[in-house]
Amino acid sequence: MNREHHLSSPKRADGSSAAARAVWQRRFAEVRAQTMRLASRLSPEDQCVQSMPDASPVKWHLAHTTWFFETVVLPAAVPDHAPFDPAFSYLFNSYYEALGPRHPRPQRGLITRPSTDEVRAYRAHVDAAIDRMLQECDGAAWARMLPALELGLHHEQQHQELILTDVLHLLSCNPLLPAYERAAVPALRLATPPAPARWIEGAAGLLDIGHAATGDDTAFAFDNESPRHQVLLHPHALADRLVTCGDYARFIEDGGYRRPELWLSDGWACVRAQGWQAPAYWLASDDPRLALSGQSPQQIAASAWHVFGLQGVRPMDDAAPVAQLSFYEAAAYAEWAGARLPTEMEWEAASADPRLQDMTGQVWQWTRSSYDPYPGFRPTPGIAAEYNGKFMVGQVVLRGSSLATPPGHARPTYRNFFPPAARWQFSGLRLAKDIA
């Protein structure tokens, strides 16, 4: 993955000056090009397959992010823009009820046509239209369009991460366990070799959390990160490092997946129904797929567990953060360890503490907080009102970012969210505990 791109907003006070237009043109081109770089490592066959209802084909990601710019951004400044293909509004709308019916999500893998070449032509067509808009629109159109353009860029960055996590799940379903790209992204690794975790006492009392718009409004945040508000934190401490694969292997060895007393009721039901015995993409040494993946008998025998990742199959690294955990598994591990998961408020309050390692860039960290609106929450006006708010039920918040998150996309107030059984993301955990 290209680690050079950083997305941050120029001051809105610059208006539609030539310099501001050039900045946005460059950033639009960088984000769009990065998506294509991620897709370039995949064959057309790779890009068309949908491995489960929660994942989408890469070709669909390429088209949907383009649909967003064509449907949400361009009309704000170019009301007479003619769509590339009217049928694409049905094929590539994700969940925007206000924009009409859409193809069912679980059947996105059946959209074999348009071809990948046609989707690339669609991207090129919309890219050219956005570029013309950025050069030619007047000041009033610029003011209407800019918030949607900025949202569209961050939206595409979210899909860049989804491309990697969805492809990883797809390739995990292939008996050969092929690598996405052995050098495309760094392997999971803690900033420093893991030592016994130290407890770092967090701030207690009344604190402010959430995104606060500044006077010049330069910092982007999604609507679910606002408004900034006051919370009461009780005395607590967070572990200074993430839970590692070695830590988690000891949980497994101690019968973690066989002890219902460690699990929430719904989590134990998932363990029994899904047959969970380890994190997703962990393979025991007797798994026949290891031989098909190209591992030699000596490599297979060298480790009790192997882990499948974007670089392919590797012996489990005890020092790497554990990933691909559901919330249920994270909570069970915390119970086994005599601790708990942090709340999202505790995590955010501690995010700037230099004693806490790897708060971002390795794995998303499950919290014990349900995904609810902040006091006074108001969704983004217009079509984007459906972006976050309507998912505020039945989901759990994760904080931080992962190795698949585009650079510059993470921030302390970012609220990721998934259902508690989801485990195809780079999701891990950090322990917390109460202080008497």
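Predicted model: local features only at pLDDT ≥ 70, side-chain atom pairs only at ≥ 80, totals over all residues.

Me: What is the volume of the largest pocket, and which residues are closest to its centre?

Reply: Rolling a probe the size of a water molecule over the atoms shows where empty space is left. On a 1 Å grid over the protein atoms alone, a pocket is an open set of points with protein on both sides within 12 Å along at least five of seven lines, while a cavity is a set where a 1.4 Å probe fits but cannot get out; lining residues have an atom within 4 Å of a point. A volume is the space filled by probe spheres set on the points, which are joined across faces, edges and corners. Here the largest pocket has a volume of about 1,000 Å³. Its lining has 40 residues, and Tyr95, Arg105, Leu162, Phe417 and Phe418 are the closest to the centre.

Me: Which helix gives the most to that lining?

Reply: Helices (H or I, at least four residues) and strands (E, at least two) are DSSP runs, numbered from the N terminus. Helix 6 gives the most, with seven residues. Helix 3 (58–77) and strand 10 (416–418) each supply at least two residues as well.

Me: How much space lies in the second largest pocket, and which residues lie nearest its centre?

Reply: About 690 Å³ lies there. Of the 31 lining residues, Pro147, Leu151, Ala221, Thr380 and Pro381 lie nearest the centre. Helix 6 has the largest share of this lining too, with five residues.

Me: How many cavities of 30 Å³ or more does a search of the whole structure find?

Reply: The search finds two. The largest cavity holds about 50 Å³, and its lining includes Asp46, Pro57 and Asp166. The second largest cavity has a volume of about 40 Å³; Pro57 also lines this one, along with Cys48, Lys59, Trp60, Phe92, Arg108 and Ile111.

Me: Are the faces of strand 4 covered or open?

Reply: In a regular strand the side chains alternate between the two faces of the sheet. In strand 4 (residues 236–239), both faces are covered: His236 and Leu238 on one side, and Ala237 and Ala239 on the other, are all buried (under 20% relative accessible area with a 1.4 Å probe, protein chains only).

Me: Which strands pair with strand 4?

Reply: Strands of a sheet pair through backbone hydrogen bonds, either parallel or antiparallel. Two strands count as paired if DSSP finds at least two bridges between them. Strand 1 (residues 199–201) pairs with strand 4 in the antiparallel sense over three bridges, and Trp199 has Ala239 as its bridge partner. Strand 12 (residues 432–434) also pairs with strand 4 in the antiparallel sense over three bridges, where Lys433 stands opposite Ala237.

Me: Where is the kink in helix 3 centred?

Reply: The bend at a residue is the angle between axes fitted to the seven residues ending there and the seven starting there. In helix 3 there is a kink of about 25°, centred on Glu70.

Note on methods
Residues numbered from 1 in each chain as written. Heavy atoms only, no water. Buried < 20%, exposed > 50% of the residue type's maximum accessible area, 1.4 Å probe, protein only.
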